[in-house]
Amino acid sequence: MATVTRDTLLRKPFNDFRNYPYGFSRSGDFSIRESDALLHYGCLVTAMLNGEFVPETAEDKALLAVAKGEQTAETAVEKAWAKYQARINRPKVGSMYGRSKVVDDDSDFDSSTADDDLVVED
């Protein structure tokens, strides 16, 4: 198995096709700089969070602490990651009309004129 290094993780572009199928830059949620930071540093942060990569530099350690929520974001990359986490973990809204599906309501149906009561004369 290949060893995971910081350089390979920084060269690999980060995509979240589940939440952002058209990319970060086309979503409207992030500025150009924020989407570039997520694209460039996203694989590094996810590898550190999953335990696949041990942080080597002070920048990596600070980024991991922000990703875990242990400290506040200070750099542009940290702020972009915090914003990304806030966006994907926000509560989902069903719709403006409510969450339940539409139910056929037969309350305006007059039961006194049911099909069984109809008489057809020849």
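Hi everyone, let's start with one serine: setting aside neighbours within four places in sequence, Ser35 is in contact (heavy atoms within 4.5 Å) with Phe24, Ser25 and Phe30. Ser35 sits in helix α2; helices here are DSSP runs of H or I with at least four residues, numbered from the N terminus. At 4% relative accessibility, Ser35 counts as buried, a word that means under 20% relative accessible area, with exposed over 50% and partly exposed in between, using a 1.4 Å probe and protein chains only.

A quick note on the model. It is predicted, so local features need pLDDT of at least 70 and side-chain atom pairs count only at pLDDT 80 or more, while totals for chains, interfaces and linings use all residues. Residues are numbered from 1 along each chain as its sequence is written, and side-chain values use heavy atoms, leaving out hydrogens and water.

Now, the core. A nonpolar core is a set of buried Ala, Val, Leu, Ile, Met, Phe, Trp, Tyr and Cys residues joined through side-chain atoms within 4.5 Å. The largest one has 22 residues, and Phe24, Leu38, Leu44, Trp81 and Tyr84 touch the most other members. Two or more residues come from each of α1 (6–11), α2 (32–50), α3 (58–68) and α4 (76–88). Helix α2 gives the most, with eight residues.

Take Leu38: beyond four places in sequence, Leu38 touches Phe14, Phe24, Phe30, Ala80, Trp81 and Tyr84.

Not counting residues up to four places away in sequence, Arg6 touches Tyr41, Leu44, Phe53, Glu56, Thr57, Glu59 and Asp60.
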